[in-house]
Amino acid sequence: MARLLAISDLHVAYPENRQVVEDLPRGGDGDWLLVAGDVGERFTDIEWTLGLLRERFETVVWAPGNHELWTTSDDAVALRGEERYLKLVEMCRGLGVLTPEDPYQVWSGSGGPVTVVPLFLLYDYTFRPAGTTTKEEALAVAYESGVVCRDEFVLHPDPYPSRDAWCDARVTLTEGRLATRDPALPVVFVNHFPLVREPTRVLRYPEFAQWCGTVRTADWHTRYTAAAVVYGHLHIPRTTWYDGVRFEEVSLGYPREWRPRGGPATYREILPGPS
Ligand SMILES: [Fe+2]
Ligand SMILES: [Fe+2]
């Protein structure tokens with residue numbers, strides 16, 4: 001029976017991770033693969049990876065991570081912000097990879113039918129450190145501790161004035177799209193960031209949480225009857241449950257993170273999943 005599988009945070013700029021990707025198995029008949037962001041930074045790396053995965057699966061669904069949205073000096077694609085995102089979407093269309101800009105598809109294999117919803121929402125600094133009540137205060141705590149996400153320097157929000165303004169626009173747009181889905185079907189969300197704050201409570205550096213999501217999606221897993229929520233970004237692969245909904249952190253992560261675990265992770269099964 002066909003399975004719905006997921007992986008994220010392949011970070012293929014690391015040669016070891018590139019090898020891991022080359023060694024990933026081919027999907028079985030009818031299997032789909034969900035890729036929850038942070039494939040890499042360089043445009044050609046992202047295209048190489050998604051192209052390779054597309055050859056191994058009938059259907060590949062991608063949601064962007066923060067790293068895909070970086071504009072770095074060693075990338076031939078110098079576009080910033082929304083223009084870069086749309087260029088990535090165009091590249092995916094060329095490969096036949098589904099993105100948050102495509103009509104939501106229904107998974108009818110094992111554990112289905114469910115609507116598969118890739119999301120691009122970003123974050124808005126509302127997962128704030130204790131004792132802070134504004135983005136400015138949250139950022140001040142981060143700068144003081146020295147834990148500042150590189151996004152602040154290379155993830156440009158153009159044409160939006162800020163990353164949180166971009167997030168606001170994306171959440172509103174996505175709520176409109178979700179209103180048009182078939183309400184009779186459960187949803188599988190694919191988002192780079194966790195939809196609820198709880199998974200960030202175990203971060204080694206709690207200041208980092210402000211780059212990990214938005215409080216505006218805190219009830220989406222119940223509001224839209226999620227069968228499962230797939231995310232990455234934290235590089236803490238695990239299964240947790242919130243309000244009876246299964247959340248799967250599906251990251252590979254950096255070699256220095258997966259090596260001590262005894263080796264790289266492979267795909268995680270989302271559906272049918274555990275009974
Ligand atoms: Fe990552
Ligand atoms: Fe990330």
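**View 1. Buried salt bridges in the predicted model.** In this predicted model, Arg246 and Glu248 are both buried. Their side chains form a salt bridge, with the closest N and O atoms 2.9 Å apart. Asp75 and Arg84 are likewise buried, and a salt bridge joins their side chains at 3.1 Å, N to O. A network of salt bridges with shared partners connects Asp168, Glu175, Arg216, Asp219 and Arg223. The structure contains 18 salt bridges.

**View 2. The salt bridge between Glu16 and Arg259.** The closest N and O atoms of Glu16 and Arg259 lie 2.9 Å apart. The pair links distant parts of the chain, 243 residues apart: Glu16 belongs to helix α1, whereas Arg259 lies in the loop between α8 (255-258) and β10 (268-271). Glu16 counts as partly exposed because its relative accessibility is 33%. Arg259, with a relative accessible area of 48%, is also partly exposed.

**View 3. Helix α2 and its surroundings.** Helix α2 spans residues 43-56 and reaches 20 Å from its first C-alpha to its last, close to the expected 20 Å. Its buried residues include Phe43, Ile46, Leu50, Leu53 and Arg56. Among the elements covering the buried residues of α2 are α1 (15-23), β2 (32-35), β3 (59-62) and α3 (81-95).

**View 4. Leu53 and the largest nonpolar core.** The largest nonpolar core has 66 residues; Leu33, Leu53, Trp62, Leu122, Phe189 and Trp220 touch the most other members. Leaving aside residues up to four places away in sequence, Leu53 touches Leu10, Leu24, Leu33, Val35, Val60 and Tyr267. Another core, of 18 residues, lies apart from the largest one and includes Ala36, Val116, Val190 and Ile270.

Technical notes:
Residues numbered from 1 in each chain as written. Chains lettered and ligands numbered in written order. Predicted model: local features only at pLDDT ≥ 70, side-chain atom pairs only at ≥ 80, totals over all residues. Heavy atoms only, no water. Core = buried A, V, L, I, M, F, W, Y, C linked by side-chain atoms within 4.5 Å. Buried < 20%, exposed > 50% of the residue type's maximum accessible area, 1.4 Å probe, protein only. Contact = heavy atoms within 4.5 Å. Helix = DSSP H or I, 4+ residues; strand = E, 2+ residues; numbered from the N terminus. Expected span 1.5 Å × (residues − 1). Salt bridge = Lys/Arg side-chain N within 4 Å of Asp/Glu carboxyl O.
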